[in-house]
Amino acid sequence: MIKSSQTTRRRLLNLAAYLLLAAVGLTMLVPFAWMISTSLKAPAYAVEFPPRWIPSEPATVTVDGIECKVATVGATFLSRPVGEASPPRPEPVGQAPSLSEDQPVGEASPPRPLRVALLRYSPEGAHVRILEPQSRAGEQLTVPEAHLSLVRETNLHWENYAEAWRAQGVRVREAFFGLARRVDGFLVFYTNSIFVTICITLGTVFTSSLAAFAFARLRFPGRDAIFLGYLATLMVPAIVIMLPVYALLSNLRLTNTYAALILPPMFSAYGTFLLRQFFLTIPTELEDAAVIDGASPFQVYRHIILPLSKPALATLTTFVFLHSWNDFLWPLMVVDRLALKTLPIGLAHFQDSYTTEYHLLMAASVIVMIPVLIVFLLGQRYFVRGIALSGMKG
Amino acid sequence: MSSQALPDRTPAPSRARRRAAILRALPFLLPNLLGFLAFTFVPVLACFALSLTDYRLAPIASVADLREQITFVGIDNFVRLLGFTREGPNDPEFWRYLGNTLFLMLGIPLSIAGSLFLALLLNQRLRGITIFRTIYFLPTVSSAVAVCIVWKWIFHQQPNEVGLLNSALMALGLAHPPDWLGTMQWAKPAFIIMVLWLGIGGYNCVLYLAGLQGIPQELYEAADLDGAGSWARLRHITWPLLSPTTFFVTTMSIIAGLQGSFLFTAAFLMTAGGPAGSTTTLMLYIYNYAIAWHQLGYAAAIAAVLFLLVFTFTLINWKYGQRLVHYS
């Protein structure tokens, strides 16, 4: 009896925990979902009140009994009569602005070509401007909700992604190492980001694993003093380091180069510190045998330490990759040429050019986010372990 | 070679062996050490040197030009930055932006409490829990620029245009929701909301989860035998045993908060530091002096002060904060 009431209690608690977890999870996902939703909307419907989660737009509109098909053009949408006259509706009660006062609605009247641009919606109804017939063109009226029936259909505008990717607004030609290079929207930012991130990641992992090996396994005079120098810089705010390097690069006219993007971020003390701590935990017995057999330090590093350190190397790789892929401040400081921009500053530039075109801004944001999310999902295990590892050392 | 402890410090017996040891280590050390010296260590020193100068960055033709641009001014920058006269501070903007930076750090305790709460939930042995952990971590790995752009869109408020957040608030019956990014009193709260969303399931939560998983289960079993309720267990077992994690998480959050690299991105992209400077942090102030106004000497002085803030805080924290930590 007691036991069963305990399991019931346990189940209720689990359910409560799930509900809480799900509520928080949904809150976390809302901005992402909103980003994707907006990115698939037609320009005219990106800003709509109340907001809609599933992108949809009017397919047919019935104004005073005449059913029209709606085609979206730019920021307004036009309507045309469809074939035969639709069955007449009962006369609405009250004053209604009529679109067809010169030809009363009835079974006898054939449909006259009617074109209206729907300007916007408000609680009062639809604001439309008459385009045809010519006699009334330009006249604006408000059709109350009661006189208007609107059928919306889901319509996903995948072409927004193509448009954001091409980024016409940021397309320029630039002289680039003596060659005219066309900057074709996000392709250039992507190529730059991939190149820069791979260089930084490989460079960091390679050089800091070598140095970490020296600090963890070799004995040489001044070793501890040098390592203390590394440790001392861990706490220094990044901007303190960036200012003089920026001054140096700009005096040497090396801003707006790949070297400026890649080299300075490659040598933070963090990687060396992390790997050295890990190398110290590897028992020396294995390499003692190898050393007796005449293995050189490099052979020990290459064939014993590295294979045993895969988790730590994977952790560092994920960290460095994500950090340099998302880095904003340093590229912002040293690069202002479009041909050299990486994704974050390219996206920031895109935002300047497309301030109010939210469907394109969101599509571009999705385009920038996708690779990071893939890398994170693949390397999640190492990433989480890495955080725990760095926390232990604190 | 010993494994765990550092090998002894007794110097190698002969000069030849010392040289051999150095030569053996150099190929490993050099690639990283040179880069580290050039791009990390020397710049730190150079920043302090620059902070004692008036340096207007401009294109140069020769080194002689450089000598003209840099004037040694001693502690003038610091007097201008931190000094007071009877009329008030010499640089009122600095104090204001320092205030902004500290105000925006008010989100930190909320964020840490939220992380702990989430970690406690995630620590339940429930099926499918890793999916939640992944979702909570997504904001942390997402591109900060993309995150800022989507939040700008969520906070959006224009005549005839209402963003997602305000649409929700209006649906809940709030007739006039705030213009989040457009008014001085709401811009900072908006940033704090964003930082909470970003950080609650991030690094701190993962660290807490690791801390929770390190607590021996027997302690809880013993508490159960003594008839302790869940609050008592949380108060007397979990919280004290998590104190090293809390200490680490708080320290790192405050250091990160003072530097505020995410808030720099947010201010840069969403508000340009406005309205009327209400979201300008010290980082943005430094950036403006260095990059927009080319006054590197003064920028370096602000950066040095930022460093001293971080340094002092860390020292105080290590000296006094440790007392609150319970080590088992």
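This is a predicted model: local features need pLDDT of at least 70, side-chain atom pairs count only at pLDDT 80 or more; totals for chains, interfaces and linings use all residues.
Local features need pLDDT of at least 70 and side-chain atom pairs count only at pLDDT 80 or more, while totals for chains, interfaces and linings use all residues. Residues are numbered from 1 along each chain as its sequence is written, with chains lettered from A and ligands numbered from 1 in the order in which they are written.

Start with chain B. Its domain assignment gives domain 1 (15-80) and domain 2 (94-324); such bounds come from an automatic or database assignment. Taken over C-alpha atoms, the centres of the two domains of chain B lie 34 Å apart. Across the boundary, 12 residues of domain 1 of chain B are in contact with nine residues of domain 2 of chain B. Contact means that two C-beta atoms, placed from the backbone, lie within 7 Å. On the domain 1 side, helix H1 (15-50), strand S1 (53-55) and helix H3 (76-82) of chain B each give two or more residues. Helices (H or I, at least four residues) and strands (E, at least two) are DSSP runs, numbered from the N terminus. That side divides into seven nonpolar, three polar and two charged residues. Here Ala, Val, Leu, Ile, Met, Phe, Trp, Tyr, Cys and Pro count as nonpolar, Asp, Glu, Lys and Arg as charged, and the others, Gly among them, as polar.

Now turn to the chain interface. In chain B, 82 residues are in contact with 81 residues of chain A. H1(B) supplies the largest share of the chain B side, 20 residues. By class, this side has 62 nonpolar, 17 polar and three charged residues.

Next comes the nonpolar core. A core is a set of buried Ala, Val, Leu, Ile, Met, Phe, Trp, Tyr and Cys residues joined through C-beta atoms within 7 Å. Buried means 20 or more other C-beta atoms within 10 Å; exposed means 12 or fewer, and partly exposed lies in between, with C-beta atoms placed from the backbone. The largest core has 172 residues, and those with the most contacts inside it include Leu243(A), Ile286(B), Ala299(B) and Ala303(B). Helix H14 (residues 358-393) of chain A gives the largest share of this core, 14 residues. Ala299(B) touches Leu243(A), Ile286(B), Tyr289(B) and Ala290(B), not counting residues up to four places away in sequence.

Tyr287(B) is found in helix H14 (residues 282-292) of chain B. Tyr287(B) counts as buried because it has 25 C-beta neighbours inside 10 Å. Tyr287(B) and Ala303(B) are 16 residues apart in sequence and 9.7 Å apart in space, C-alpha to C-alpha.
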